[in-house]
Amino acid sequence: MKFSQALIQWYEQAKRDLPWRHTADPYRILVSEVMLQQTRATTVIPYYERFLASYPTAAALAAAPESELLAMWSGLGYYSRARNLQLAAREAATGFPRDYDGLRALPGVGDYTAAAVASIAFGLPYAVLDGNVVRTMARVTNDAGDVRSPAVRRRLQAAATERLDAAQPGLFNQAMMELGATLCTPRKPQCLLCPVAAMCAGRKAGRQDQLPVKLGKAAAIEEHRTLYLVRRGAKYLFWRRPAESRRLAGFHELPEGSQLPQAERGELLGEVKHAIVNHRYTIQIFAAKLAAAPEGFVWLDPAEALTQPISTIAKKALGLVRR
Ligand code: SF4
């Protein structure tokens with residue numbers, strides 16, 4: 001049996017019921033693919049459903065106020081994805097590009113997303129190469145090259161393209177991603193259940209646990225920070241990142257201790273952890289007192305704050321006092 005046939009047969013029986021698998025609408029597929037970058041499917045589901053209930057079409061997303069859009073995205077992180085998605089929706093509001101190059105030219109759409117939308121929405125023969133497919137293909141082809149190297153990624157892309165079922169490319173791509181997400185997992189791949197085990201060179205060589213090879217991974221940078229929860233009645237003190245900020249422009253943040261030297265620090269309320277790219281933050285949250293809000297700061301009720309764009313760290317910190 002061919003690789004693609006074994007894979008698709010398995011997928012038809014084993015696939016998880018995910019909401020974006022019930023549509024061929026390129027807009028909805030684009031939303032799901034953008035949300036799924038860096039985020040697990042189970043986390044994405046409620047965001048995807050809320051997002052599409054508010055913005056059911058590209059035209060609706062194109063017209064959304066930015067603050068409302070960012071509040072809706074809050075918790076998914078990597079907010080440039082939301083802004084780019086809106087720019088793409090504005091370009092596609094009068095008609096979605098129906099070919100790979102047109103999709104690839106939309107803001108925020110890279111090779112992977114263009115291939116996913118082209119194959120799933122339009123049946124075009126482009127093989128996707130996301131982290132799941134990279135891992136699976138490195139094992140299937142027993143490729144011990146560094147998967148961070150462009151030459152190795154090109155090899156793995158060619159290996160996926162060679163195996164693609166050109167008659168059902170969307171199904172093949174979804175099946176590849178599902179295999180990587182459920183069986184050919186980073187640790188302990190479940191080869192005994194795998195539909196393509198007989199065609200997997202890494203497994204035959206007994207090297208599936210050593211693949212893929214990733215060299216030169218930068219060590220995570222550990223950082224410690226202190227944030228203040230300054231309370232006045234039912235409200236807390238926030239500041240807003242300026243529109244020109246490189247990250248999280250327009251988002252509300254809790255003040256750092258260093259921003260409020262005049263504040264009186266109180267009890268430690270707790271500690272939150274947060275990771276962004278290769279930074280790992282440990283943040284201590286203190287109650288603090290302050291006579292008056294300094295210029296540029298605002299008082300917000302926690303429930304009101306959650307309807308605004310608010311950083312994930314601030315949201316986690318508020319969780320300490322909203323239980
Ligand atoms: S046999 Fe194992 S290593 Fe090979 S693709 Fe299947 S799960 Fe992955």
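Predicted model: local features only at pLDDT ≥ 70, side-chain atom pairs only at ≥ 80, totals over all residues.
View 1. The ligand is located in the largest cavity. Around the ligand lie Arg139, Val140, Cys184, Cys191, Cys194, Ala197, Cys200, Arg203 and Gln208. By residue class, this shell comprises 6 nonpolar, 1 polar and 2 charged residues.

**View 2. Helix α10, residues 150-163.** Val152, Leu156, Ala159 and Ala160 of α10 are buried. These residues cover an arc of only 95 degrees around the axis and therefore lie on the same side of α10. An α-helix has 3.6 residues a turn, so residues three or four places apart point the same way. Pro150, Arg154 and Glu162, on the other side of α10, are exposed.

**View 3. Glycine 266 in strand β4.** Strand β4 is formed by residues 264-276 and includes glycine 266. With a relative accessible area of 40%, glycine 266 is partly exposed, because this value falls between the 20% limit for buried residues and the 50% limit for exposed ones. Tyrosine 228 is also shown for reference to glycine 266. The two residues are 38 residues apart along the chain, and a distance of 9.1 Å separates the C-alpha atom of glycine 266 from that of tyrosine 228.

Note on methods:
Residues numbered from 1 in each chain as written. Heavy atoms only, no water. Near = heavy atom within 4 Å. 1 Å grid on protein atoms, 1.4 Å probe; cavity = no way out; pocket = protein on both sides within 12 Å on 5 of 7 lines; lining within 4 Å. Sits in = over half its atoms within 2 Å of the grid points. Nonpolar A, V, L, I, M, F, W, Y, C, P; charged D, E, K, R; others polar. Buried < 20%, exposed > 50% of the residue type's maximum accessible area, 1.4 Å probe, protein only. Helix = DSSP H or I, 4+ residues; strand = E, 2+ residues; numbered from the N terminus. Arc of directions from axis to C-beta.
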